[in-house]
Amino acid sequence: MEKQGLIYGINGPVVTVKNTRAFSMMEMVYVGKQRLVGEVIGIAQDRTTIQVYEETTGLKPGEEVVGTGGPMDVCLGPGIIGNIFDGIERPLKSIKEQSGAFISRGCNVASLDENREWSVKMLIKNGDKVKPGDIYAECQETSVIKHKCMVPIGVSGEVKECKNDGDYRVNDVVALVKDESGQEYKLTLSQKWSIRRGRPVKKRLPPNIPLITGQRVIDTLFPVAKGGAAAIPGGFGTGKTMTQHQLAKWCDADIIVYIGCGERGNEMSQVLSEFSELIDPKSNKPMTERTVLIANTSNMPVAAREASIYTGITLAEYYRDMGYHVAIMADSTSRWAEALREISGRLEEMPAEEGFPAYLPSRLSEFYERAGRTQNLNGSEGSVTVIGAVSPQGSDFSEPVTQNTKRFTRCFWALDKSLAYARHYPAINWTLSYSEYFVDLDPWYAKRLGESFIRYRKKISAILHEESKLMEIVKLVGADVLPDDQKLIIETARVIRVGFLQQNAFHRDDTYVPLEKQKKMMRTILYLNRKARQLIKASVPISRIIETGLFDKLTKMKYDIPNDRLEMFDEYAADIDKAINGIIGK
């Protein structure tokens with residue numbers, strides 16, 4: 001029996017229903033004659049408050065609200081990968097076919113294509129015992145992703161009926177399970193899951209494997225672990241979206257979930273067009289073969305924007321449970337926080353700092369805490385890595401969203417406006433950024449790249465920090481008054497900044513750099529620094545060393561040495577020795 005109530009008041013996306021106790025907290029409801037999707041967010045003695053995920057224009061008091069009896073959920077099954085959804089998992093391509101270029105209100109479209117048939121291989125048989133998380137069927141979702149259908153949470157028992165291998169639709173019953181009490185459960189290729197509840201796991205694993213991105217400033221100086229959480233704060237035009245594009249294309253995650261949360265429509269359309277054209281460098285197939293896009297632009301209903309990041313992370317957890325490593329690009333959590341603020345204002349809640357609700361930190365923590373590397377219920381290992389962009393107004397990192405995000409992420413890639421305007425990409429400021437994953441990840445780096453990699457990284461960081469101190473003096477009195485050993489620090493830091501940290505996303509060899517090349521680049525820079533320091537101790541002026549052109553040569557080695565010709569670094573070391581010996585000879 002459907003639970004019903006009548007609309008009493010409407011305030012933007014917030015609708016109130018009076019004198020009914022029919023609904024429960026966080027229940028999904030349909031509002032008005034057009035059956036707009038909504039969710040119960042508040043219940044009082046005489047009033048129920050609902051947030052509506054669609055435009056409420058034209059809605060009137062007295063119209064009916066119908067409960068579903070279940071929470072706001074998403075449909076999980078084959079057909080998610082390669083699709084483009086809105087904030088509440090409605091497929092935008094199907095909506096376009098039904099309502100044209102604009103989403104019509106009350107548009108009721110199934111999340112997954114219910115008519116498409118999948119070639120299914122059954123992995124269970126009659127008489128088998130199954131428990132939550134067990135994989136009972138699989139099908140090839142795309143050319144690179146195999147979809148594994150898992151027993152829903154709460155279902156366990158003995159398989160009584162099981163279909164043979166064949167072609168089935170997402171809602172076709174492929175098996176029947178009876179539990180100890182005699183209750184029967186139908187297994188289809190799909191299942192439902194509440195977006196606000198994390199999916200259970202057997203065990204959380206330590207974050208001791210890095211997410212390799214091929215971006216030198218990240219992999220070397222500020223690494224993030226698989227299952228970790230990172231924030232990319234930056235003002236307008238500093239390259240947040242570009243950085244996330246690079247990470248999505250090159251990081252060693254199996255699946256990418258890209259959430260465009262409240263971004264400009266033209267920027268989101270650019271993302272959609274670029275992803276459809278990109279070729280995945282690992283498989284040479286289109287990037288869409290392992291990507292899910294959630295597009296919720298700034299002109300879409302504000303409540304759906306608030307739900308979009310939960311939708312995205314629920315999809316990510318579903319694929320993590322299959323044993324995949326998933327990376328989420330959330331662009332941007334600031335727009336999500338603004339949606340929270342707007343809804344909070346409509347609810348007349350007491351505002352906290354800068355008008356944001358007092359529960360902003362807890363909501364941010366709920367999101368970022370769902371990241372992690374886990375051992376799943378079926379024994380497989382997977383991870384969800386969350387990389388959230390933050391858009392502080394005026395690049396003010398002291399504002400509430402940035403500060404609270406820092407509390408729940410262990411990696412902070414601060415984008416710098418001055419670096420971006422100087423065409424230095426990625427524009428990650430090496431003095432403001434940090435990573436707290438070194439303790440967890442250093443054993444991995446030491447085992448695969450040697451202890452020298454960690455030693456080189458520490459020396460590179462020390463030189464950059466020393467340069468930032470010296471530049472304060474240079475601004476006051478100029479560089480000429482510095483002694484030669486300090487001039488060497490500034491010259492070496494310039495090579496690190498231009499030749500190592502700056503990276504060209506459009507260059508064939510520089511867009512992605514393997515860790516071994518990163519290590520040899522650091523080793524070569526530090527070798528020149530050590531040799532030059534020895535000459536300066538022997539009273540050779542630094543101008544003589546600069547005249548050799550070695551420093552300029554090292555800034556170009558990222559282009560001159562292909563990723564598959566790393567033996568050329570030995571030639572660079574020989575050239576350094578030859579030039580230094582030439583100075584000593586004179």
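**Exercise 1.** Is Glu354 buried, partly exposed or exposed?

*Solution.* Begin with the basis of the values. The model is predicted, so local features need pLDDT of at least 70 and side-chain atom pairs count only at pLDDT 80 or more, while totals for chains, interfaces and linings use all residues. Residues are numbered from 1 along each chain as its sequence is written, and side-chain values use heavy atoms, with hydrogens and water left out.

Step 1: recall the classes. A residue is buried under 20% relative accessible area, exposed over 50%, and partly exposed in between (1.4 Å probe, protein chains only).

Step 2: apply them. Glu354 has a relative accessible area of 47%, and therefore it is partly exposed.

Step 3: locate the residue. Glu354 belongs to the loop between α6 and α7 (360–368); helices (H or I, at least four residues) and strands (E, at least two) are DSSP runs, numbered from the N terminus.

Step 4: inspect the backbone. The phi angle of Glu354 is near 55°, which is positive in a residue other than glycine.

**Exercise 2.** Where do the cis peptide bonds from Asp331 to Ser332 and from Tyr425 to Pro426 lie?

*Solution.* Step 1: the bond from Asp331 to Ser332 is cis, with omega near 5°. Ser332 is in the loop between β22 (325–331) and α6 (333–346).

Step 1: the bond from Tyr425 to Pro426 is also cis, with omega near -10°. Pro426 is placed in the loop between α9 (417–421) and β26 (434–435).

**Exercise 3.** Which residues gather in the patch of positive charge, and which helix supplies its largest share?

*Solution.* Step 1: define a patch. Its residues have over 30% relative accessible area and no salt bridge; like charges are joined within 9 Å, and nonpolar side chains (Val, Leu, Ile, Met, Phe, Trp, Tyr) within 5 Å. A salt bridge is a side-chain nitrogen of Lys or Arg within 4 Å of a carboxyl oxygen of Asp or Glu.

Step 1: list the members, which are Arg455, Lys459, Arg530, Arg533 and Lys537.

Step 2: assign them. Helices α11 (451–477) and α13 (515–537) each supply at least two residues, and the largest share, three residues, comes from α13. Arg533 lies in α13 and is partly exposed, at 37% relative accessible area.

**Exercise 4.** Which residues form the nonpolar surface patch?

*Solution.* Step 1: the members are Ile473, Leu476, Val477 and Val481, with about 410 Å² of accessible area together.

Step 1: Leu476 lies in helix α11 and counts as exposed because its relative accessibility is 76%.

Notes. Areas by Shrake-Rupley, 256 points an atom, 1.4 Å probe, with all protein chains shown as cover. Lys, Arg positive; Asp, Glu negative; His and termini not counted. Charge placed at Lys NZ, Arg CZ, Asp CG, Glu CD.
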